[in-house]
Amino acid sequence: MSESFEIRCKGVGVSEGIVVGRVLRMHGNTGYVYRANIQPADLEQELERFRAAVRLSRSQLQAIKDRAERELGKDHAYIFDAHLLLLEDEKLINDVENSIRTEQANAEWALKVVSDRLLSVYSEIKDDYLRERGSDIEDVVQRLLVSLSGEQPVHRNLPEDAVIVSQELLPSAVAELDLDFARAVATDSGGWTSHMAIIARGLGIPAVVGLRDFYRRARTGDTIIVDSGRNEVILNPTPATFARYQSETTNRTRTRMPEAVHRGPLRTLDGVEIRLRANVELPAEFAGVSTYDAQGIGLYRSEFLLARRGVMVSEEEQYLAYSKIAEVAGKYGAIVRLFDLGAEKQFDPAREPERNPALGLRAIRYGLHNEEIMRTQMRAILRAATGDRLDIVLPMVGDVSDVRRARRILNQEVSSLADAQVPQGQVRVGAMIETPSAVITADSIASTVDFFELGTNDLVQYTLAVDRGNEDVADWFRTLHPAVLYGINRSLEAARKRGIGAIVCGEMASTPSYATLLVGLGATDLSMTPSSMPRIRRVLSLIDSTIARQIAAECLACETADDVEALVRERFRASWPGVFPLSSLPVTRKR
């Protein structure tokens with residue numbers, strides 16, 4: 001542990017904790033894929049080889065899911081449902097088989113061509129959660145490639161102090177490891193919503209992702225410190241660094257038991273009631289709504305209906321999906337976000353890519369430009385809302401004109417269904433507040449909608465003009481920037497002034513320190529991934545909203561994100577000692 005060898009790398013802490021251990025490097029994929037020409041007489045044999053690989057992969061994944069259910073519980077094993085669905089997706093399988101036939105190519109090459117095309121679609125999706133579902137495709141493809149090669153998956157027994165370091169650690173690779181002794185995970189790629197991050201949180205393993213080139217620097221056996229609270233990993237720490245971390249380490253035996261779920265109303269210490277709703281997408285996530293006692297579904301990402309096949313689904317298919325969502329949500333109801341599509345142009349592959357897709361034809365603009373897509377979705381939602389338990393939220397609203405145009409289309413579809421005597425329900429219409437223009441005109445927008453939803457991930461991105469997926473500018477993505485807090489505060493005030501509800505969703509709602517600050521800004525309705533609810537419930541039940549309001553007011557008066565973060569660290573620890581460990585509070589980044 002010489003002074004000259006200490007290496008510090010910044011990433012994104014996605015699972016809380018501090019660990020001191022030893023590096024165990026793991027490869028994340030199979031590498032190069034070759035092309036071979038298949039003679040016409042041998043095509044049927046090649047097709048059968050691919051089908052056998054699909055069958056083998058499906059069997060392996062089912063075994064992985066069964067193990068995950070035993071060790072992690074169903075709330076985290078659902079991840080592998082998405083993988084199994086991909087292996088049952090007729091379009092994906094047929095596309096590979098057609099490529100084998102038409103290109104007379106080996107199964108490996110055909111699989112790579114089809115998956116690369118599908119991954120290119122995912123890479124352009126605006127929604128972070130959906131974009132990172134591309135890792136599911138990569139995971140399944142890698143498993144298929146291994147099955148085609150005839151190799152057996154690697155099963156490793158880990159040493160007691162192992163910290164897994166990889167370029168990209170795919171979910172099924174994590175699930176196949178003997179994780180009894182794994183202490184932490186550090187990867188070059190990934191984000192908060194990646195499935196690897198979800199698994200790490202489920203296991204209680206500290207994890208830092210998005211480290212870029214850390215894998216290249218590390219060697220198996222090196223001493224490593226993973227500090228997710230500071231979004232940092234330290235390789236070959238100096239004796240002084242090592243000693244400091246040894247005194248505060250959370251390196252301890254983990255428990256696989258899930259946190260106890262406290263049911264009933266959530267109230268702060270001073271009696272303010274907070275509503276916790278669920279963000280869902282995959283059908284396998286639906287069980288979490290009741291498991292974690294969510295008060296309905298605050299955000300249903302309807303793009304999942306399209307992402308599986310890359311084609312538009314019929315009105316009837318959508319109707320069945322939304323009916324199920326209403327059933328899952330129960331008496332509290334669900335909010336369906338209209339298709340948040342963008343520059344991926346899933347339904348117009350011949351169209352030229354946009355030069356600046358982040359600022360292009362996306363979300364509400366895409367729907368208004370492709371009106372029939374919006375009409376079909378609205379009809380399906382209206383039909384499924386017969387119990388009046390479904391609402392609509394419009395993504396990335398820019399101003400009142402977007403709302404008026406969408407409402408006009410909705411009213412036309414209401415009349416059309418009524419004329420045809422088709423049963424329908426009443427739906428409320430909300431606006432996603434995600435752009436500076438929506439914040440600035442929040443008062444006007446509030447007069448035209450029934451509720452707001454604050455999409456904090458995109459609100460930060462667009463307010464600060466920082467692409468959260470671009471590692472080169474990651475240090476400029478500051479959730480606690482005063483401008484972001486101002487935007488949230490202004491939007492909440494506009495909603496209160498007009499007497500409409502305001503739901504905050506995104507990463508802020510599911511992070512304890514951020515959620516506390518949101519309560520201080522006046523938010524009482526939060527929506528998040530179901531598995532995040534126990535820790536949010538625990539923390540918010542231990543804070544006083546009056547103190548939170550005082551701290552939030554001080555934060556609004558700050559000049560920089562550094563000032564806000566320092567203030568939050570100081571005031572939170574002084575006001576609620578023991579509630580916020582140091583590792584759970586924001587850390588000022590040095591640029």
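**Setting up.** I am working with a predicted model, in which local features need pLDDT of at least 70 and side-chain atom pairs count only at pLDDT 80 or more, while totals for chains, interfaces and linings use all residues. Residues are numbered from 1 along each chain as its sequence is written, and side-chain values use heavy atoms, with hydrogens and water left out.

**Whole chain.** I looked up the secondary structure and found 25 helices and 17 strands; these are DSSP runs (H or I of at least four residues for helices, E of at least two for strands), numbered from the N terminus. Buried residues account for 55% of the 591 in the chain. Here buried means under 20% relative accessible area, exposed over 50%, and partly exposed in between, with a 1.4 Å probe and protein chains only. Of the contacts (heavy atoms within 4.5 Å) between residues at least 6 apart in sequence, 70% join residues at least 24 apart.

**The core.** Which residues touch the most other members of the largest nonpolar core? I noted Tyr322, Leu390, Phe452 and Leu526, out of 102 residues. Helix 16 (residues 371-384) gives the most to this core, seven residues. By the rule used, a nonpolar core is a set of buried Ala, Val, Leu, Ile, Met, Phe, Trp, Tyr and Cys residues joined through side-chain atoms within 4.5 Å. Beyond four places in sequence, the contacts of Tyr322 include Gln377, Ala380, Ile381 and Ala384, and Leu390 is one of them too.

**Helix 16.** I checked its span: 14 residues reach 20 Å from first C-alpha to last, close to the 20 Å expected at 1.5 Å a residue (1.5 Å times one less than the number of residues). Since 12 of those 14 residues are buried, helix 16 is largely enclosed by the rest of the structure. Its buried residues pack against helix 14 (315-329), strand 12 (334-337), helix 15 (364-369), strand 13 (390-394) and helix 17. Met378 belongs to helix 16 and is buried at 1% relative accessible area. Leaving out residues up to four places away, Met378 touches Leu338, Ile392, Ala406, Ile409 and Leu410.

**Strands.** Strand 11 (residues 297-301) has five of its five residues buried. Strand 11 pairs in the parallel sense with strand 10 (residues 273-280) over three bridges, and three bridges also join strand 11 to strand 12, again parallel. Pairing requires at least two DSSP bridges between two strands.

**Charges.** I counted 26 salt bridges, each a side-chain nitrogen of Lys or Arg within 4 Å of a carboxyl oxygen of Asp or Glu. Arg379 pairs with Glu413, with the closest N and O atoms 3.2 Å apart. Arg379 is in helix 16 and Glu413 in helix 17, so this pair ties together parts 34 residues apart in sequence. Are these two buried or exposed? Arg379 is buried at 16%, and Glu413 is buried at 5%.

Asp402, in helix 17 (residues 400-419), was my last stop. Asp402 is buried yet has no salt bridge, and the nearest side chain of opposite charge, Arg405, is 5.3 Å away. For charge, Lys and Arg count as positive and Asp and Glu as negative, with His and the chain ends not counted.
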